[in-house]
Amino acid sequence: MILLNPGPVNVSERVRKALLRPDICHRESEFSELLGGIRDKLLKAFVPGAEAEYTAIVLTGSGTAAVESALVSSVPHAKRGLILNNGVYGERMSAMLSLHRLAIPELKMDWLTRPDPETLRLALRQHQEVHVVGMVHHETTTGLINPVKEIAEVVDSQNRVFVLDAVSALGGEALDIAGSKIYMVAATAGKCLQGFPGVSFLLIRRGFMERMRAYPKRSWYLHLPHYYDEQERGTIPFTPAVQLYYALDEALNELLEEGVANRIARYRKAAALIRQRLQALGLKPVLPPAVQSNTITAYYLPDGVGYAALHDGLKARGYVIYAGQGQLEAKIFRIANMGALSQQDFEGFLSAFADVLHAVRP
């Protein structure tokens, strides 16, 4: 089955075979070496030249676990967080802070609108209690890319901490973490890294990681200083999904061999192919090209065509697309192009899409 949903993604045979490596105990030196290698490769891939300034923390859990751990671990006593919300995943970040009564009212935008840096600047000046600003890099609700560099500059100028949900972006979009002074980036193995779901990670500025030691412990499983202390000693506080770590390790080997910039270019090329061919079929994208991601394109459903008919017809031919979410559920569908997919895979999908569209259109 060819997965054209935004995770889990198709993986290479090389990554799949990594699951068959020998069983090991997570309290033994073999696991320490595996974990240390993963952490080093994450820094090499995503903060090249600034590895000494950052640390990588690996969790067993989905990307949501990484995002929640970042938010609940990063707010000191008597401080609050502010979320820029323009989609389902921004809403999720806001809910995470609200659960612990750590949020001020979010800056909420239409789902097709990017955050305005100057509006954020004004809000931070008005709310001195805000310590953390959170935002989604790639809002997969619509495939929208938010202005990370511009928002990061505002957050830094106001001496606040920027936490970025890059779960669907890291490895698929250009991101200068160190140059933008981003304190924490949350991501996962099972999207643009082309690994399996179930392992996530964070890239954190070392100075801020040390500061978080003094912050309240709001979760037993997701408290980042606990992970940091253990992983600096080559171990881990809770039983990890060892085989998934093997697969992440191999996926990182593939990424470093391909090169992050080359992977981004490959994804961009695949997205351009999909957009060109679907435009020729008369489909209307939800977003203008300037704000579209490299890995997801959202389209309005054609008149008279329901999502179920389109999805089921494609799945019968071996291709899985993705529905809209929330208020857009009945209006749009999404096509992702992340994962270990070839030009031949996309050509086959596009041919199948044309056939199914012709069959289901009234």
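Predicted model: local features only at pLDDT ≥ 70, side-chain atom pairs only at ≥ 80, totals over all residues.
By the axis of a helix I mean a line fitted to its C-alpha atoms over the stretch in contact.

I begin with helix packing. Two packed helices are described by the angle between their axes and the distance between the axes. Helix 5, residues 117-126, packs with helix 6, residues 148-157, at an angle of about 20 degrees, and their axes lie 9 Å apart. Because angles under 35 degrees count as roughly parallel, helix 5 is roughly parallel to helix 6. The crossing of helix 5 past helix 6 is right-handed. On the helix 5 side, the contact involves Pro117, Leu120, Arg121 and Leu124, which meet Glu150, Ile151, Val154, Val155 and Ser157 of helix 6. By class, the residues of this contact are six nonpolar, one polar and two charged.

The next pair is helix 10, residues 260-280, and helix 12, residues 343-360. These pack at an angle of about 20 degrees, with their axes 11 Å apart. That angle makes helix 10 roughly parallel to helix 12, and the crossing of this pair is right-handed. Helix 10 contributes Ala270, Leu273, Ile274, Arg277 and Leu278 to the contact, while helix 12 contributes Gln343, Phe346, Glu347, Leu350 and Phe353. Seven nonpolar, one polar and two charged residues make up the contact of helix 10 with helix 12.

I turn now to the largest pocket. Its volume is about 380 Å³. Which residues lie nearest the centre of the largest pocket? Of the 23 lining residues, these are Gly63, Thr64, Tyr89, Val167 and Lys191. Two elements give two or more residues to the lining, namely helix 3, residues 63-73, and helix 4, residues 88-99. Helix 4 provides the largest share, with four residues. The lining comprises ten nonpolar, ten polar and three charged residues.

Finally, I draw attention to the backbone. Most residues other than glycine have a negative phi, and most peptide bonds are trans. Against that background, the peptide bond from Gly7 to Pro8 is cis, with omega near 0 degrees. Pro8 belongs to the loop between strand 1, residues 2-3, and helix 1, residues 13-18. Ala78, a residue other than glycine, has a positive phi, near 70 degrees. Ala78 is located in the loop between helix 3 and strand 3, the latter spanning residues 80-85.

That concludes the presentation. Thank you for your attention.

Conventions: Residues numbered from 1 in each chain as written. Heavy atoms only, no water. Axes fitted to C-alpha atoms, helices over the stretch in contact; angles between N-to-C directions. Parallel < 35°, antiparallel > 145°, perpendicular 65-115°, else oblique. Left-handed = near helix turned anticlockwise from the far one by under 90°. Contact = heavy atoms within 4.5 Å. Nonpolar A, V, L, I, M, F, W, Y, C, P; charged D, E, K, R; others polar. 1 Å grid on protein atoms, 1.4 Å probe; cavity = no way out; pocket = protein on both sides within 12 Å on 5 of 7 lines; lining within 4 Å. Points joined across faces, edges and corners; volume = space filled by probe spheres on them.
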